[in-house]
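Me: I am new to this structure and would like to learn how to read it. Please take the features one at a time.

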Amino acid sequence: MKNVKNYISENKDRFLNEIIELLKIPSVSADPAFSQDVLNAAEMVKSKLEDAGCDIVEIHETAGYPIVYGEKIINKDLPTVLVYGHYDVQPAEPLELWTSPPYEPVIKKTDIHPEGAIFARGACDDKGQMYMHVKALELMVKTDQLPCNVKFMIEGEEEVGSNNLSIYVAENKEKLANDVILISDTGMIANDVPSITTGLRGLSYVEVEVTGPNRDLHSGLYGGAVANPINILTKMIASLHDENNHITIPGFYDKVEELSAEERAEMAKAPFSIEKYQKALDIDSVYGEAGYSTNERNSIRPTLDVNGIWGGYIGEGAKTVIASKAYAKISMRLVPNQDWREITELFKTHFESIAPKGVTVVVKPHHGGQGYVTPIDTDAYQAASKAYETTFGKKPIPQRSGGSIPIVSLFEKELKSKTILMGFGLDSDAIHSPNEHFGVWNYLKGIETIPYFYQYFTEMTKK
Ligand code: BES
Ligand code: MN
Ligand code: MN
């Protein structure tokens, strides 16, 4: 590849200005108040794909938010890379914790990003990372060195479960046919420790409702004599882990794949400082399942966490009341081989079974998905590894992540292709949190690395 660095330095300011424009759109898929903004973001992605050199760009309507599809087919005999990403973002709340407004992107320096980072909701997850691919395509087209075919599929419902994308993929297998799927929607270890994500966890997300008396009660008149749904709910939740922090749901671990001692030893080689980890989070100790390291706990082991809990009176001052109902939202992160539907069933059966007399429990499944592991003995992984080596000057470390992109396992099932997860974010970029940001260096490094993947992958797989 020629002129990659030159092209990037000549166009750097424009590359930054363009992503900043996209980040100004509050495309929150979870909140209907933003529906027009989500649609506007799709339109902007469409026009940017056209500008970058796609020959066909379509907005594909779904029952929810649209999928932006683009392609540039240069020769049917050459391999095809399918790029996936998402233009929707998580809600920005709590707004008061942002140091600058979430949809007014600004570049600020941080300790980890001395060249500056773009602060905005979606900067890293996933607009900034998705847009690196649009600019990498532009670079390859404008410098006349696009080596293969490319397809883009950018959705607007990743943060709410990708339900409509599943249908779209199943219905458009031929249109989406490809030799490899390329995604930048994960992270890497550090800017001087490049890594390629080789695993994602699955997910089962449920909501529970505990109902006691038919109305809120005076906590003096009735207190002590009826089941308090909040007391009961917290007790039930506490019982879901034992003293070793193992999950107590019967059958939960049955299909969990245990890694061999060799695999665990290999994992333990990745650079990691427990002191830095604790310091970054202002905690005096880590916490988790007995017998596993922090990096194992957050990648190869399944988990159960309450994501939200509410009920009763939470306004100013005190109100003496026993609430009629209590609620919680619970996520279970799953590892390969665990089936998310089966785990959801196991949870439901168990949670209902531990409810004491005096309350009723309803478990409402939300969404879920399977985990995924990328093999590293493939042309695609080797091409990605070589691309990082070229631009970082170091071989990347394969690393399994704790996050989930449930659609990836469905891609494999429906499209029969493997996914390469080339993430350029850092854990400290605060995705889903206030003050999400994406390093300017990371953004440009992504744009630089992606074209080499195309080149090496094409060389390795040319028919
Ligand atoms: N991009 C993230 C997933 C991610 C981030 C994976 C960092 C690995 C490293 C994605 O947008 C996301 O947030 N996924 C959700 C699941 C989805 C069903 C809402 C998640 O992991 O909570
Ligand atoms: Mn994402
Ligand atoms: Mn996300």
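Reply: What follows goes through the metal site, the salt bridges and the ligand contacts. This is a predicted model, in which local features need pLDDT of at least 70 and side-chain atom pairs count only at pLDDT 80 or more, while totals for chains, interfaces and linings use all residues. Residues are numbered from 1 along each chain as its sequence is written, chains are lettered from A and ligands numbered from 1 in the order in which they are written, and side-chain values use heavy atoms, with hydrogens and water left out.

Me: How far apart are the manganese ion (ligand 2) and the manganese ion (ligand 3)?

Reply: They are 3.6 Å apart, and D125 coordinates both. H86 is in strand β3 (residues 80-86) and D125 in the loop between β5 (117-119) and α3 (127-142), 39 residues apart. Helices (H or I, at least four residues) and strands (E, at least two) are DSSP runs, numbered from the N terminus.

Me: Is H86 buried or exposed?

Reply: Buried means under 20% relative accessible area, exposed over 50%, and partly exposed in between (1.4 Å probe, protein chains only). H86 is buried, at 0%, and D125 is buried as well, at 7%.

Me: How many salt bridges does the count come to?

Reply: Side chains of opposite charge can pair when their charged atoms come close. A salt bridge is a side-chain nitrogen of Lys or Arg within 4 Å of a carboxyl oxygen of Asp or Glu. The count comes to 21 salt bridges. One of them joins K135 and E18, with the closest N and O atoms 2.7 Å apart. Because K135 lies in helix α3 and E18 in helix α1 (residues 4-23), this pair ties together parts that are 117 residues apart in sequence. K135 is buried at 2%, and E18 is buried at 12%.

Me: Where do E50 and K46 lie?

Reply: Both are in helix α2 (residues 35-52), 4 residues apart, so about one helical turn separates them. E50 is partly exposed at 37%, and K46 is partly exposed at 21%.

Me: Which residues are closest to ligand 1?

Reply: A residue is near a molecule if one of its heavy atoms lies within 4 Å of it. Ligand 1 is surrounded by 17 residues, the closest being E158, D185, R333, S404 and H432. A polar contact is a pair of N or O atoms within 3.5 Å. The side chain of R333 has an N or O atom 2.7 Å from an oxygen atom of ligand 1, and a polar backbone atom of S404 is 2.8 Å from a nitrogen atom of ligand 1.

How values were computed
Donors = N, O, S within 2.8 Å, 3.2 Å for Na, K, Ca; no water. Polar contact = N/O pair within 3.5 Å; in protein donor to acceptor, adjacent residues only side chain to side chain.
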